[in-house]
Amino acid sequence: EAMYVDDIPAPKDCLYGAFMYSTHPHAHVKSVNFRSSLASEKVITVISAKDIPVGGKNVGSGFRMLGEEALFGDPVSEFAGQNIGIVIAETQKYAYMAAKQAVIDYSTENLEPPILTIEDAIQHNSYFQTPPFLAPRPVGDIDQGMSQADHKILSGEVKLESQYYFYMETQTALAIPDEDNCITVYSSTQLPEIIQNVVADCLGIPYHNVRVITRRVGGGFGGKGMKSTHIACACAVAAFKLRRPVRMYLDRKTDMIMAGGRHPMKAKYSVGFKSDGTLTALHVDLGINAGISPDLSPFIPAATIACLNKYNWGALAFDIKLCKTNVSSKSAVRAPGDVQGSFIAEAIIEHVASALGADTNAVRRKNLHSVESLTKFYGDAAGDAPTYSLIDIFDKLASSPEYRSRAEAVERFNGGSRWKKRGISCVPITYEVALRPTPGKVSILNDGSIAVEVGGVELGQGLYTKVKQMTAFGLRELCPDADGLLDKVRVIQADTLSLIQGSFTGGSTTSESSCEAVRQSCTVLFERLKPIKDSLEAKSGAAAPWSALIAQAKMASVNLSAHAYWKPDPAFVKYINYGAAVSEVEIDVLTGATTIMRSDLVYDCGQSLNPAVDLGQVEGAFVQGVGFFTNEDYATNADGLVVNDGTWTYKIPTVDTIPKQFNVELISSARDKKRVLSSKASGEPPLLLAASVHCAMREAIRAARTDFSVNSPLTFQMDVPATMADVKELCGLDVVERHLQSLSSAAEVPTPVA
């Protein structure tokens with residue numbers, strides 16, 4: 001049975017907490033009271049900013065060099081959903097109930113109106129700055145590129161909304177005060193080291209007084225990154241003040257309201273191209289809604305541009321505004337910035353193809369990079385020529401006889417079907433990932449069993465499986481029964497006082513970085529144990545049993561624990577992942593419902609460390625991406641407060657969403673000694689392939705517009721997500737709710753008297 005943070009038995013005298021959050025985007029918090037009820041009678045105390053110890057500071061999260069976010073909205077609430085206090089009770093149920101009985105008195109006196117949208121932020125010049133070392137770079141001469149164009153589109157636009165993480169385990173933490181002003185925090189987090197630092201800063205104590213332990217996380221997707229630090233700090237402040245253990249487990253509604261999510265974006269573009277579809281120049285004005293604090297937002301512009309660069313634009317220029325607004329901070333969500341950039345590129349390509357009346361796949365294929373242009377746009381990350389596999393992958397899918405016959409079948413279907421339409425599309429992706437320094441430690445115990453520690457956290461991505469395999473791989477030459485070695489390995493939980501500089505788990509490269517640190521540790525152990533093994537075998541004339549080898553090493557006082565801190569080669573910090581997907585969809589014109597008939601994915605996983613794990617990652621990422629592109633409607637009210645705050649209104653993918661036929665192929669591309677055993681990342685890049693579903697929906701809608709809306713242009717803006725209502729309306733049919741609203745509005749207008 002897997003144990004998660006909330007499964008840890010409650011310590012003696014444990015108390016429970018629940019957040020009280022603001023419902024106003026910018027207001028003084030004048031008072032907090034409770035309605036008279038059983039729950040309010042069970043309140044032990046309320047923890048607020050005044051309970052932060054002397055020497056500590058009001059900080060709930062922070063990333064080095066980027067900035068911090070407050071733990072408590074005090075004295076001003078800066079966004080709807082901000083924590084303004086923690087109700088403490090004897091049970092989690094009473095804490096939940098009491099928090100819902102809170103009555104908060106606000107005042108907006110002497111405060112500016114809140115800034116809620118990208119447009120508001122631009123109007124008020126409300127921005128965060130991107131540090132120069134994180135800023136993306138333009139490519140080529142944009143004016144020259146535009147002058148070479150036969151045609152220009154000068155006013156294209158596309159919008160993408162947010163996406164909630166929807167991990168199965170909501171934010172949770174348990175803080176236990178210890179002797180000598182110390183505290184232990186059990187946290188469901190991707191960032192144990194950062195939690196250690198932020199909790200210590202909040203309490204005003206040295207970092208070594210804070211121990212953070214994470215065994216595993218019940219789903220992360222980036223949401224257990226910066227967002228996990230707030231609940232850890234909240235529990236720590238309460239436990240530190242009350243000198244009793246305090247735990248919190250957010251209910252789903254509170255989690256959805258407070259957690260933030262993916263960055264909403266608005267892109268306006270101008271693109272130049274020749275009559276044969278060759279792109280010559282692209283300029284993008286990109287607005288990114290970052291929310292109230294920097295969080296990880298300064299990383300988003302570079303990620304967005306990196307995936308936009310999957311096509312050779314000729315020349316590329318951009319103006320990116322990272323907008324500070326009075327909404328919950330947006331943070332990393334699986335493929336953060338990358339999925340938006342990749343989709344914006346597809347929207348532009350489809351606009352170009354439509355303007356030319358050309359086949360979209362032909363325009364895509366014409367503008368895929370050559371090895372030379374890849375290097376021009378990606379620099380050192382482009383790697384060696386044999387590792388560039390995208391053209392082969394795209395041709396395998398889009399230029400195959402099967403694809404052509406399927407496209408013809410779709411056209412025949414649409415000609416004979418009035419109320420259902422189909423579309424098919426092939427989308428390529430590039431995805432740049434970065435390697436990070438990572439620690440690892442391998443220890444062999446007296447009975448020959450092996451304990452392994454790594455910087456990464458198990459999020460369900462198969463990290464521990466790969467690490468166990470790498471340990472057995474690294475020590476295999478010392479053990480006659482190499483197959484049995486795997487069963488001797490145990491990967492133990494992340495502990496910030498046991499393995500330091502653990503960094504964070506994210507960016508899709510943690511598994512391979514952790515594996516390389518383990519491999520290096522095993523190499524050290526191999527060098528220590530090999531002479532003893534050779535000596536034993538020389539004496540006995542037979543292979544030395546593992547148990548005998550370890551016993552002899554113990555007698556000889558050999559250090560059976562090895563630590564490595566792996567650092568990537570400065571000349572090879574980044575590399576690119578490639579893939580492509582064909583999706584075929586069917587839309588119901590009357591309802592706007594979309595059925596994915598079939599998706600074929602081809603993904604370059606390098607030499608996979610574990611094909612079964614990587615296959616699961618590709619499938620899961622794709623389905624999560626489908627949710628973002630089609631049905632996850634992150635709706636807020638006029639104050640920026642999330643209103644789709646549960647499964648009744650926020651629809652994640654289900655068994656009905658998954659393609660009826662789902663084919664995934666991992667290709668083993670050229671070996672590259674600079675990568676970890678020639679492997680490649682698998683966690684985030686495949687999510688971008690889900691844009692193929694959105695693009696196929698556009699094709700189906702175009703077929704419907706031909707039938708139902710003769711005057712509607714076949715070039716149209718289709719934002720993300722494309723929900724049922726959006727699809728129906730784009731097909732040219734009215735949406736019932738909006739029709740009723742129009743009737744209601746008409747009824748309110750007084751009739752002129754003759």
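1. Surface. In this predicted model, the protein chain has an accessible surface of about 30200 Å². Carbon and sulfur atoms contribute 52% of that area.

2. Burial. Of the 754 residues in the protein chain, 57% count as buried, where buried stands for a relative accessible area under 20%.

3. Overall dimensions. The radius of gyration of the protein chain is 28 Å, which agrees with a compact globule, because a globule of 754 residues would have a value near 27 Å. The C-alpha trace spans about 100 × 70 × 45 Å along its principal axes.

4. Secondary structure and contacts. The protein chain holds 21 helices and 26 strands.

5. Charges. The protein chain carries 72 positive and 83 negative charges. The mean position of the positive charges and that of the negative charges are 3 Å apart. His and the chain ends are not part of these counts.

6. Domains. Domain 1 of the protein chain is assigned to two segments, 379-434 and 571-753, while domain 2 covers 438-566. Taken over C-alpha atoms, the centres of domain 1 and domain 2 are separated by 42 Å.

7. Domain contacts. How many residues of domain 1 are in contact with domain 2? On the domain 1 side there are 17 residues, and they are in contact with 15 residues of domain 2. Contact here requires heavy atoms within 4.5 Å.

Conventions:
Residues are numbered from 1 along each chain as its sequence is written. This is a predicted model: local features need pLDDT of at least 70, side-chain atom pairs count only at pLDDT 80 or more; totals for chains, interfaces and linings use all residues. Side-chain values use heavy atoms; hydrogens and water are left out. Helices (H or I, at least four residues) and strands (E, at least two) are DSSP runs, numbered from the N terminus. The radius of gyration is taken over C-alpha atoms; the globule rule is 2.2 Å times the number of residues to the power 0.38. Buried means under 20% relative accessible area, exposed over 50%, partly exposed in between (1.4 Å probe, protein chains only). Accessible areas come from the Shrake-Rupley method with a 1.4 Å probe; for residues, only the protein chains shown count as cover. The place of a charge is taken as NZ of Lys, CZ of Arg, CG of Asp or CD of Glu. Domain bounds come from an automatic or database domain assignment.
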